[in-house]
Each structure stands twice: as structure tokens, then as C-alpha cells.
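Here is a short briefing on one structure. Keep the sequence and the 3D view open as you read.

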Amino acid sequence: MTLFRQFILRALLRDPRRSLATVAGVTLGVAVVLAIRLANTGSIRGFETALDVVAGKTSLEIVGAGVGVPDAQLADLGWLREYGLVSPVIARTARLRAPDGTEHPLQVLGVDVLRDRPFREYQLLEFAQGGREPSAQELLALLLDSRSVVLTERFASRHGIDLDGSVQLIIGDRVHDAVVRGLLLDEGPARVVDGQLALLDVAVAQLLFDRIGWLDRVEIQLFEAGAIDDAEQTIAARLPDGLRVQRPAQRGRQVEKMLAAFHFNLTALSYIALVVGLFLVYNTVAVSVISRRREIGTLRALGTTRRTVLGLFLGEAALLAAVGATVGLPTGWLLAQGAVRLTSTTVNALYITSAATVPPLTLVDVLLAFGVAMPLALAAAAIPALEGSRVTPIAAVRGADRLASQDDPRRSRRAALVAAAFFGLGGWLATLDPVGGLPLYGLAATLAVIGGAAALVPVLLALLRRVGRGVLVRWFKVEGMLAHANLSASIGRLTVSVAALVVSLAMLAAIAIMIGSFRETVTYWVGQTLRADLFVAAAGRGPAGPSPTISADAEQRVAAHPAVTAIDQFRTVDLPYGPDGDLIILGAGTFEVLLEHGGLLFKEPADGRAAMAKAVGADAVVVSEAFALKQGVSVEDTIELDTPQGARPFQVVAIYYDYSSDRGLVVMDRPTFARHYGTQRPGGLTVYLTPEADPETVREELLAALGPDHRLFINTNATLRAEVIRIFDATFAITYALEAIAIFVAIMGVATTLLTLVLERREELAMLRLVGAGRRQIRRMVVIEATMLGVLSQGLGLAVGVVLSLILIYVINVQSFGWTIQFSLPVWFLVRSTLLVAVATALAGLYPARVATSFGGEAAR
Amino acid sequence: MTRLRSLRRPRASAAKPVWGAVFQCLAALAALVARPFRAALAAPVARPFRAALARLCMAAVLLGCGSVSVLLAQDPALVTSDGWRLAEPGYTLQFPRDHGSHPEYRIEWWYYTGNLDAANGRRFGYQVTFFRIGVDPAPTNPSRWAVRDLHMAHLAVTDVSAEQHLTAERFDRGGVGWAGARQGTLDVWNGDWRADVDGETHRLQAVDGSFGVDLRLEPGKSPTAHGDAGLSRKGAEPGNASHYYSLTRMPTTGQLRLGDDRLDVTGTSWMDHEFGTTFLEPGQVGWDWFSLQLDDGTDLMIYKFRRGDGQPDAFSSGTWVDPDGTTDGLDHDQVVLVPGRRWTSPSSDASYPVDWQIQVPSRQATLTVDALVDAQELDTANSTGVTYWEGAVAVSGRIGEREVSGRGYLEMTGYSGRPMSEVFR
């Protein structure tokens, strides 16, 4: 222990900058992994807390096919009372406009309090002051009026809303005046959603949310809570077609599954930063070993065993990793705040509307941080630590026992063979099918390619030694020559850090290529598909979940405009599909209008339009590419969709390209939809205008015609395209952020490697100074070395990146999301990033360069 | 009474429904203060009141649907400003039509009580009550869940030998038909509790988990129409009344469920059916109500308010039903009620007189009424929050020289917590 303190701790403290850099590397790695984990959990938890609010003490719930549970069917379900208490529920989201004019999203719960009282706690402020809870009847009295709403005390006090004060509820395009009849105390359901909860009577909720005749679900609180399995089975057997019984947690699981691919890819990406950070541990221990070979020799000569020496250096790695992980925990939590912001746009735009918040750190996170960082750090440190333990007492005293430079052409050949094997393996893995919807083999393929790239690094360095000299000498004269000689002499030492940089840069290039290609594809698709002039949506409409609807009145006002030639009414609902109950999106569109005006891009068959024409009014559907891929469905297949009357067959007539959701879309003609799912108000209107009309002018006129009573978002073609691209870019912002961190860590790795080399060559450098080399020349030499490494890594990184991007685009993306992406190289981005890497590595060389110039004559002795 | 004395046009009182309750109380108070003598001078009217009435009215007031004013619409029927029809003379009770629901009136109930004997000699009392409380006669919200009526039901079984009193309650909106009442014939239900007819026979099914009844009740005597041909006037103003009849002696058979036991039982039941729109009566602390079936074939119903000021209440009344079904109204001053031994409820601390002496001098009747079980208190916390005592009793005494005995039911309200007149607020 004393030895550890004197030998390792003192050395670490003597060079705080290097120690800090290493700890920072581990910290960042751990932090990024944690941040992504927390952000992922947060986005699901945001949904699940909302779920908790609604679930209350519910044991089971009855749900319907897509559009909900029809009241009419419920009348025959009186037998449910044999199992427990039964409560009808409407659970939606709305916006509330406070008296100060600000607007806030709210979870809205529409219940029959007479039935719901045992399910959820309703403690009202005005009753709590009298020391009691309101009776069901008193609650009902508060809620019966169609203007009544009950909010939470927390929300009300935050936004200056008084009891019996007036607020406005914005639901779909309608603005409703409401009176706050009660304030829920800050406990139970009111607390879990941070007070963003509004309580309505179920009848009022049906009216306001355009759900007359429908419930979102019927909840059951079993008399015997223990018999949940039996109850679930017997209820399932007794339910009529079109209704299902499930546990409330099922909805959470569906959402989790929906987000699984997105989260999986983020997690995979986050581990790159951690792995790169661990290269730093390798470097630090290596530096530690090299700079103290003499001391090690002395220790060995004094009788210290190899085991002890190994233990000392492994201890150093463990210490660095422990400090890094400890600091990484809070850092990760902080980073998660940013990550949630970055991912919530995507989650909200593509999956679910949820108020994502970063969950607090738990013991699991602590265990994860240490459990991942410590073993990996020890593994990374094992190579240099073993090397240190092999230092012989004599060689150390002589100071002549340097790590031999691998100048063996056979070694290069062997490395090339290993690389080829890795690439071959990667190629094979890329052909395998996904596992449970997750691209596990695809990911393994990228790992194989990365392994191959790492194996190629010594080959490349050997190549540099052979062919690089001429160029360097021509460009940088004597400093170039010296740099070349130094690099050539340290290939073994450089391999690991260059490999780390190559891997990071390859991933960056691959992701950049993938995103660039994706963006091109989406831009093309948007250009082809978005043909309409105006897009009308109700406030707060998302692509998933129950979408707010457009009122008949608003629709009539839009249709009445003289410039409007055609309107496609669009409505989507979530529908569980297949044996796993994947939540797909079922859409209803006006096929005749789509055929005449729209521009769907069909994948199959060749004449998609003709095929779609056959689907007008028929029990036939067009499906998105993502649906076809994920569910293994082809044209002419028949699929079964749940309807309120039970499962019904629908023929797939065409597959079209769609990038709006990876969940898979099934679209049927509006009359077909109405026939099976009942007449439902549309959630969006796609409006086509006369050729001479100016969309912007018509938009203004429509908004004026709708007046303040209707809240509709009207996008023109141009603004909607811009919005699509904005969401797209927001989605990938986190990808770039993660990559930037990985590259930053990798560049720090290069700097510490160079530092290692510099320390190793302290005698040579001193000698150079003695024979007349100026400080500037030495500095130039080290900077050239650094830049060389950067450029070289970027070169190999780009090449490997193209290969990786092919896997990302054609394997991982297809398996995770089911999208066809046209490959395209974002040339400008790659050029820019190459320049950036060169500059960054040159800057990273400045510190080792300064250290190098500090060795004077005495070091040579 | 709580009604405004003036007749108004419908729009003149278009107060928001939610404020209706407050407005009503203020109006009632104003009416009371302005005409202290008139109320005192009001002619005593035979009108049986029931705890149910209070509960219903309280529910209605809480729900903000108390009728505020009365108007004479073009329709000859009296209709309140919020659309409920008032009970008035000229209505002829017809059966089976009037066993059914009368949704145009705000408040309606079907009230069954009875004493039962099991084959093994065990004695039981039971009470099954269905209430309909009108909230909005024509809701504008087309939702099936929009509340037109609320449906409330109480079930109680007294196991005399075990001195056990089991109760259950239900409170629901009509919704998708999980509670309701049909028009034209007897068919009223709340969940799987139901009262309907099979020919002339009433069927009564109400089981809650581990206890309840499944009974068939024969009509027995023909229906007793109370008051003036079934119009039970409650005040001087037109419309302040209810339509009210009873089946006072219904031979009953069926099963009684108690835990795992399913006991065959026989006995006698009493059924009340009353519907009307305006009922409220502030100033009354509570009331005591008796329905007695004597072994000589006489049935007796007595009802008496307890006023806060100790004055005799002009609206207390009773009905004497002879064995042949002939009825005779009893005014408040024709009945003397003397409370005896008291029982204090451990849960509510209310002290109820569980023994009574009843004197009807005009009939030379002196009767003693004893509770079969002291603890027959109901706490309806989940619906109305009113605590009251309703239970099976034994009767003995004399009518003239004849010794009589019998069975019956006793209801006592206003002994717990606030006076009923305050509960109304």
C-alpha cells in the first residue's frame, strides 16, 4: 500500500494534467453511457408516469381495436361486475390556456367519479381544509357541468389560476371556456405528472374530445387482486370480438417496444465513447510504465515480485477508472438533461407525446458505471501492466531495454490477414436476420468491421514507414524526416491509440454518410409525396397516440374557401398488430383525392396507382415499407386487422415509401375505415388549391375565416417541408453530439500517446537539442507527428466509414426502422471533418511538443 | 318549504345550474324569513315523508339541480324552470303502468322492506331500495354518459338471531344502461340488483357479494293510494306534492343469502313507490317513520317530523289500512309517539330510541314497538353520506279490547351529525 502511494499516486499527482485527461476520458465515457441510459429511461418513464396516473389501482383494462371501446358494446358487459369494480375512462392530452395567456400541455382524465372513486385518490384542496375527502357525489357535483374542470393545486398555483377561475381548454381545433371547480391536492395522481393533470367528467370528456359513443378503455379493479391471471383469462374468453383485456403495464411495454430500436441504437453509439475513453487508460498506464522503467528495475532489483509490479499498474488503472466512474455519475446525469432535450423532439415527433424527465440516479446506475468501467479499464491496462512486470532488473538499470519496435513484415502480413478475416465475418453477419426486431447481428457486423479496421492500423503504419518518408521530407524537410523516423520506430506503441482514433472517425464518417443519405432520401420523398398546397392539423397533433380531431365546423369553413379544389381527410389510430401486439398506425385517407392529386411513392407493384385504385372503398390497404418489412408482408398478401367487430381480413394492394414513422403504417380508404371503425372525425386535412391560388394568401384567409374559436395549424407546402427537415435534423442532433464526444476523447488519446512517445525518447530529444535542434524545430516535429497520425486515422476512418455506413444503411437501419435509404456521400461534410481532424490533432500535439522541448542536455547524460 | 312562492318564466331564473343549489337555499331562507306565519298556518296535510326523500333531495341539491322556480307552461302540466313536472291533482294511478318509471318527475323511489322467516326458525329483516334522482331532464351533451338521472340503491339484511345487520349501497349514473328504470311496468335496476314483475308477482333480486335476497312478492292487498287519490300534498302551493302509493302487505317467498348459506324464507313485505319533483322541508331536524303489519290484518304507517324548535310539525301524518284495504288518513295530532330505551351507535355516536310507544286515540290503539336488533344503522358514506337507522321491529299492544301483535320496519333520521335541514344546504 505504501509502495502504491509512493510509486503510483505520487507519480499521478506529479503529472496532474495527464492524470486529469485520463480521468476525464473515463468520466466522459461513463457519463455518455449513463446519459443515454437515463434519457432512454426518462422518455419511457415520462410515458409510464402518465400511465400510472391513469392506471391507479386498476388490475385489468378492456381496450378496443384502434378506436377504443364502443359504448354500445359496453352495455352488454354488465357481467364484468362479477370480477370487480368497473370504471370507464377517457385518457387524452390537451392544452390549457391560463388567465395570463400562457399555454400548457395537460394529461386529461375523463372518468365517472361515482365509479372511479375506488380507483384513484381525489383529494381536493377545498375539502382538505375541512379535514375530509369529498364524497363521490360531491366530486360529481363539481364535474357535472360541461364547463367544469378540476386541476391540480400545484399547476394552479404555478400559473396563478384560482378556484372558480376561468381557463380555456384547447382540444383539437376547439377552444373551450372552462371553470376550475376544484383543485387536487399535491398527492397521488396529481404529483406524478408534476401537476399537469386535468379531471373531467367522462361525458364531458367524450363531448370535448369528439369521442361520443367511445371510451378509451374500461378499467377493472378486481375484488380478488391475487387472482389476476385467472380473471384475465376468463374475461378474455367472455369478451366479444373486437375487445381485449390486458394489464395496464401492457401499454408501457408496447411503448417500450416501439422505442426499443431507437434506444438500442443510441445505447450502442454511447458505448463508443466509453470504449474510446478506455484507450486513454491504456495510454496512461503505458506512459506510467515507460517513464519509470528504471524505477521498476530498481524495485525488481530490491526484490519486488512481478505480481506486485503488475498489481501496482492495474491498481493505477482501477484508481483512474474509479475516479472517472465516480465523477461520471453526476456528469452523466447532467448530460442526460441535454440528451433528453435532444431525444424528446424525436420521441415526441415520431413515437409518443410524453413529458420526459431525467430520472434520479439509482443503485443500478452506480453499479453499471463501476461494473462497466472497472473491468474494461483493467482489461485495457493489462497489456502495458504486463509489459511493466516483465521489466528485468538488469535491463532497467542499464536503461537499454526498450520495447522493441516491430519491424517485421510478417507481422504486417498477419495483421492484414486478421483484418481480412474480420471483414469477411462482418460481411457474413450483415446478411443475418434481426433478433426480436433488434439488429444484433448488424451491430456485430459493425464490430467486426471495426475490429478489421483496428487490425489494419499496423499495416497502414508499416506502409507509412515504407512510403511516407519521401513526402514528409519534401514537405517538412528535416522535421518531417525526424517525425517519420520517430513514428516508424514506434508502430507498436502507436497502434492502439491510432486504432481508437480510426474507430471513432470511421463511426463519425459512417454516421455522417448514413444521415446524409437519409436526409437526401427524405428530401426527395418529401418533394415527391407532399404535393398538396395546405396541410391542416389540430393543435398538438402528433403522429402517434390518440390524435386530436378537426371539428365538422372547421372542416366546413376550410372546404368553403373558393380556392379549395379537393380535401383529403386523414385520420390515424394506434392499432396492435400481429402476435406480439406491435403498435402500428392505422390510417384512413380519401383515396380518390390521393389518386388524383397525391404523390405516394410506391415500392411495389410498379403501377402502384392502379393497384391503389382497386382499393377504393374495398377491404384493401396500402402499407408502408416499414410495415411490410417488419411484419413480413408482401403485395397480394391478406392481413388481419382488429376491428370493433373482431379481426377482419384486408388485402395488401401496394407498398409505399414512408419515412414519417418506423412503426409501420396501414392505410385504407376512408369509407372502408368508417365501415369497420365507425365514422370518426379526421385528425388532419390535406388541401389542394386551384393552380392560380397563392397558398400563403389562402392560408391567411382560412385562418381569418376560422376565427379565434378554432385553433388549427395550417402549413403551406413549403413550411411543412421545412418542418419535416427540422424534425429530421433534431432527431440526429444527439447522434452528432455523441460522436463529437467520442472524437474529443480519441484526440486526447492521440495527445497522450504522443506524450508517451516523447517521454520514451527523452534521451534522443535531449541529444537532438545538443546537436543543435531548436525548440521550434522540436515542437514542429512533434506537431507534424500528431497531424500525421490524425490525417492517417482520418484516411483509414473514411474508408472504413464508407463500409460501416453501408451496414448502417442496408442492415441496421432496415432491421431497426425498415426504411429504404438511397446511398449518397455527403462530400462537403467529409472534407470539412477531415480538415477539422487535422487541425484538432495538430492542436492536440502542442502539449507533448512543449514537454518535448523541455528536455535539456542533462537528460542526455 | 323550499320553493319560491312566486311563479316565474323559465328564462327569468336562468341561473347557472351549478349555482342552483346555493340560489335555492338562499331563496328558501328568504321565503322562510318573509313569511314566518304562513308556514305555521299552513294546513296540515297527510304526507308521508321518508328518509329517502331527504337523501334524494340532498343529492339533487348537491348536484345543483334543485328546482328554483315554478312556472305554468302552455302544457297544462306544471313544469319547473329546469324542466321537471310537478305532481298535481287530476293524475290517476294505473297499474301496471305506474309501477314503472316516471322520468318527467325529478325524484322517484321504489322501497321494499320486510320481515322473513327461514325454515329453521331464524328470523330476518330486509330492505331493498331503488332511487332515481333526476339531474337534467334533457341533457344537451349527446354522450350516453351524460347524466339525466342518478340511480342509487340500498340493501340491508338483519339477521335477528345473530344480531347482525349487513348493508350495501350502489350509486351510479344510467350510462350505458348499467342502472335504470323502465316506463310502463315495474323494471328498475342498479347493476345486478333488480325489481321487476312476473305477471302480478314482484321479483326482487339484490345480492352484494356474500349477502342479499332473491324474493317473489305477491301483491296482497290492492295498492293503497295515499293522500287525495294518490296525490300526497306537501304544501299550499300547486305542485308541492308527490304521487304516492303503497303495497302494504305482500306475501313473500324466496331465498336469502348469508355467507355460504342460501336459506328458503317466507314472510311479509311492504312496498312504497313515490314520484314527484319538489319535496324539501327546512327546519326539520329529522323524522321517525313506522310501517307496521298487525296480525289482525291491519296495516299502519306513521310518520313524524322532529322540529328543532320543539313545535309539533304540521306535516306529520299517518295512514291506517284496515284488513279489507280501506284506508284512513291520520293527522299529526291524531298520533302520539313516545320514545323509550335508547341505543347509542358506536360508529356514529348517535343515540336512537329503539323502543317506542304509539297511541292512536281515535282508534283506541296503544302499541309498543321494539327493535329486533339494536344495531340497524346504515352509513351511506359512498353515496349520500347520510347516516340513519332503518330496521326490523316487533309490535305488540291493544286496539280497543283486542290484543294485537305484529311486525314492521322503523326508520329514524337526523340523530347523527348535522340536523337534516343543514344537510340540505
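Predicted model: local features only at pLDDT ≥ 70, side-chain atom pairs only at ≥ 80, totals over all residues.

**Domains, a contact face, a loop and the cores**

**Where domain 2 meets domain 4 in chain A**

- In the contact, 17 residues of domain 2 of chain A meet 22 residues of domain 4 of chain A.
- On the domain 2 side, strand S3 (84-97) and strand S7 (174-184) of chain A each give two or more residues.
- S3(A) supplies the largest share of that side, with 3 residues.
- By type, the residues on the domain 2 side are 5 nonpolar, 5 polar and 7 charged.

**A loop residue in chain B**

- Gly177(B) sits in the loop between strand S6 (164-173) and strand S7 (179-181) of chain B.
- Gly177(B) counts as partly exposed because it has 14 C-beta neighbours inside 10 Å. The partly exposed class lies between 12 or fewer (exposed) and 20 or more (buried).
- Ala162(B) is 15 residues away from Gly177(B) along the chain, and their C-alpha atoms are 37 Å apart.

**Nonpolar cores**

- The largest nonpolar core holds 344 residues. Among those with the most contacts inside it are Ala198(A), Val281(A) and Val502(A).
- Helix H18 (residues 491-529) of chain A gives this core its largest share, 23 residues.
- Leaving out residues up to four places away in sequence, Ala198(A) touches several residues, including Ala94(A), Leu106(A) and Val150(A).
- A second, separate core has 18 residues, among them Val536(A), Ile567(A) and Tyr688(A).

Technical notes: Residues numbered from 1 in each chain as written. Chains lettered and ligands numbered in written order. Contact = placed C-beta atoms within 7 Å. Helix = DSSP H or I, 4+ residues; strand = E, 2+ residues; numbered from the N terminus. Nonpolar A, V, L, I, M, F, W, Y, C, P; charged D, E, K, R; others polar. Core = buried A, V, L, I, M, F, W, Y, C linked by C-beta atoms within 7 Å.
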